[in-house]
Amino acid sequence: AFTAMTTISSICFKLKGLASAQCRVVNPSLFYATGTTLATLTLVLLLAACGVDSKRFRVEGRFLNLNRGEFYVYSTNGLIDGIDTVKLEAGRFTYDIPCEREGTLVMVFPNFSEQPIFAQPGKSVDMEGNASHLKELTVKGTKDNKLMNQFREAILDASPPQIAKTAAMFAADNPASPVAVYLVRRYFITT
């Protein structure tokens, strides 16, 4: 399943590049412009097929300074059963799961640091970072992941007491967010 998703992901990436190139073609010939328009329309329809199903969630990741490896993923609230393994090839990975409700996934890296990912049905997120600086990792694509990025930036050079204080303030400022639940559990319940 992982290989199939990696292949589909790479095909979609190539189609996006081709569609971008098609949109830049300018030719005054009416016949050629119609052909280009038809080709662009075909590519747009193919790209639509590359989107995330409404009952799935996808994480696509890119890492600098790490070509191959494995990460582990678990859920704090039963979004997945047990622990999953994510394989990194050529600095990239795709993790795609069935998702019918919002939930929290936690990715565990080889150095045992953790990154929460807030999943939503029909959504996808992009994770980017440098393996040498995992504290600066970013997850883009949903409001909750953006909020977690803001928290991580706020604690980048903070001491443990400052981190706890910042976590408390973040949770108080965003009580309805799953980020608040994660922060309370992480910094006040399981410490």
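## Helix packing, cores and a buried serine

Helix α3 (residues 143-154) packs against helix α5 (residues 178-189) at an angle of about 45°, and their axes are 9 Å apart. The two helices, α3 and α5, are therefore oblique to each other. On the α3 side the contact involves D144, L147, M148 and F151, which meet P178, V179, Y182, L183 and Y187 of α5. Sorted by class, the contact of α3 with α5 has eight nonpolar residues, one charged residue and no polar ones. The model is a predicted one.

The largest nonpolar core has 23 residues, and F57, F63, F93, Y95, L105, M107 and M127 have the most contacts inside it. Two or more residues of this core come from each of β1 (56-64), β2, β3 (83-88), β4 (92-98), β5 (103-108), β6 (114-119) and β7 (123-130). Another core, of 13 residues, lies apart from it and includes F118, I163, Y182 and Y187. In soluble globular proteins, nonpolar side chains tend to be buried together.

Beyond residues up to four places away in sequence, M107 touches F71, Y72, V73, V86, F93, S113, E114, Q115, I117 and M127.

S75 is part of strand β2 (residues 69-75). Its relative accessibility is 15%, so S75 counts as buried. With neighbours within four places in sequence left aside, S75 is in contact with I80, T104 and L105. The side chain of S75 also reaches two backbone nitrogens, listed here.

| Side chain | Backbone nitrogen | Distance |
|---|---|---|
| S75 | G78 | 3.3 Å |
| S75 | L79 | 2.9 Å |

Key: Residues numbered from 1 in each chain as written. Predicted model: local features only at pLDDT ≥ 70, side-chain atom pairs only at ≥ 80, totals over all residues. Heavy atoms only, no water. Helix = DSSP H or I, 4+ residues; strand = E, 2+ residues; numbered from the N terminus. Buried < 20%, exposed > 50% of the residue type's maximum accessible area, 1.4 Å probe, protein only. Polar contact = N/O pair within 3.5 Å; in protein donor to acceptor, adjacent residues only side chain to side chain. Contact = heavy atoms within 4.5 Å. Core = buried A, V, L, I, M, F, W, Y, C linked by side-chain atoms within 4.5 Å. Axes fitted to C-alpha atoms, helices over the stretch in contact; angles between N-to-C directions. Parallel < 35°, antiparallel > 145°, perpendicular 65-115°, else oblique. Nonpolar A, V, L, I, M, F, W, Y, C, P; charged D, E, K, R; others polar.
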